[in-house]
Amino acid sequence: MRRANLAFLAAYVAAAAILVLARHEPPLSAVLFASPILAACCIPMDWWRWKHAWWMAAVAALLSGHQAIVLALIETRDFGCQVVWVPALEKTVALLGVGFCLLGLSIRWWRRWAHRPIVRRVGCVLILTCHVGIFGPMPLVYRNQITYGHDDYSDCKRWRQPSCDGIVLDTLYIPASGESKGVVLFTHGVGRWKEFYQGHLLFFRDHGWSVLCYDLRGHGRSTLAPMTYGTRESDDLVVEWEQAKALAGGKPVVAYGVSLGGAITLQAGHRLDGCSGMIIESAFADLESMVGIFLKPPGRWFALAMCKVGLEWSPTEVRPVDAPILKSGPPLLLGWTTVDQVVPPEQSRRLAEASPRAETIISPTAHHTGMIREAQWRTGLAAFLDRLAAHAPSP
């Protein structure tokens, strides 16, 4: 029995090491996705002969494994889309592994302290608390990956674009209606996917601009990955930027980011060589203050520790307000709404204060990421793009 446990433990360590060293996964991802192997040595083999063992295992599986699929299915109902099943199943297997690891710890603790009822119960409560602490923040880091099951653009081109650390980004190119004035590289917001923003994509195309858009890592049809809110996503944007320049063929290339996509675009802006203009809609100024709004202690402390230790990045480092592109660079258009319920308006105002050179448009009525439906934003956006096209050098 001990030899079998040691073999499973060695296999777990080897699998986690491979994920970190070969696939460049952060430690938290390695621990999660190798956890089914660890679960095999956490649960005592003789426990399975107990008459209620299978019922307890089924309950543990239901409590731990349901999250990835159930939450994704709820979102598909709300948005009329479908689950991207490969990452959903990968997350489900990882969560099942963690759940069975906690079950195994509970069993071993119960057996060891069966003669001490108080210690036994306190330990099991602590283990259950760990269950909540581990699974509670998971959707904030590993987003539900959903998408539309069809393409509404008959002349579009789709491909899988490798990024710099093994992540593969689902990429879509939509040519303009008629002769193209240039290419807009569009970066979407958190928890969504590129085709969700059809209003933006159709607006660009109808105004003579081709669009290159992509699913962020851990979103849509791209590779499963934890969110870093711009830390690693900025590298992905630079990779897509090179594709946009190649497709533009010497014509202007514009970077457009909405919500988190805007924050990512700002952080990567100084690395976008040859950028003709930048458009930022409803972006936040710094992530640490956003975390403080949506998470209160002790959840906030746990989330910060998980990011720093498990994912090797810190929300304190994500500060679009300090982006060099705000001080100097290509023409910059900032837009936000005063009734935004997701990104507080003062966040966008801080970006404008940090960039006196930027042109700003403020909507008093649009909801978050909904400015494209407002005539004020559409008019200003069209004028901004027309100026970029008019001042562009001949290819």
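Predicted model: local features only at pLDDT ≥ 70, side-chain atom pairs only at ≥ 80, totals over all residues.
## The aromatic cluster

Across the whole structure, a search turns up 14 aromatic pairs. One of them joins F196 and Y197, whose ring centres are 5.2 Å apart with 80 degrees between the planes, an edge-to-face arrangement. F196 is partly exposed, at 26% relative accessibility, while Y197 is buried, with a relative accessible area of 4%.

F204 belongs to helix α8 (residues 198-206) and Y256 to strand β7 (residues 253-258), so the pair ties together parts that are 52 residues apart in sequence. F204 is buried, with a relative accessible area of 0%, and Y256 is buried too, also with 0%.

## Charges over rings

The charged end of R192 sits over the F196 ring, 5.4 Å from its centre.

A lysine does something along those lines elsewhere: K157 lies over the face of W159, at 5.4 Å from the ring centre.

## Salt bridges that span the sequence

The whole-structure search finds 19 salt bridges. Take E195 and R158, whose closest N and O atoms are 2.9 Å apart. E195 is in the loop between β5 (183-187) and α8, and R158 is in strand β3 (residues 157-162), so this bridge ties together parts that are 37 residues apart in sequence. How accessible are the two partners? E195 counts as buried, at 2% relative accessibility, whereas R158 counts as partly exposed, at 24%.

K181 and D386 make another salt bridge, with their closest N and O atoms 3.5 Å apart. K181 sits in the loop between β4 (168-174) and β5, and D386 sits in helix α14 (residues 375-390), so the bridge ties together parts that are 205 residues apart in sequence. K181 is partly exposed at 34% relative accessibility, and D386 is partly exposed at 37%.

What about a bridge inside a helix? K245 and E242 form a salt bridge, the closest N and O atoms being 3.9 Å apart. Both residues lie in helix α9 (residues 233-248), 3 residues apart, which is about one turn of the helix. K245 counts as partly exposed, at 26% relative accessibility, and E242 also counts as partly exposed, at 41%.

Some bridges share partners, and these join R158, R160, D170, K194, E195 and D215 into one network. The E195 and R158 pair, with its 2.9 Å distance between closest N and O atoms, has both of its residues in that network.

## A nonpolar patch on the surface

Finally, a look at the outside. L6, L9 and V13 make a nonpolar surface patch of about 280 Å². L6 lies in helix α1 (residues 2-21) and counts as exposed, at 58% relative accessibility.

Key. Residues numbered from 1 in each chain as written. Heavy atoms only, no water. Phe/Tyr/Trp six-rings, centres within 6.5 Å; stacked < 30°, edge-to-face > 60°. Buried < 20%, exposed > 50% of the residue type's maximum accessible area, 1.4 Å probe, protein only. Helix = DSSP H or I, 4+ residues; strand = E, 2+ residues; numbered from the N terminus. Lys NZ or Arg CZ within 6 Å of the ring centre and 35° of its normal. Patch = residues over 30% accessible without salt bridge, like charges linked within 9 Å, V, L, I, M, F, W, Y side chains within 5 Å. Areas by Shrake-Rupley, 256 points an atom, 1.4 Å probe, with all protein chains shown as cover. Salt bridge = Lys/Arg side-chain N within 4 Å of Asp/Glu carboxyl O.
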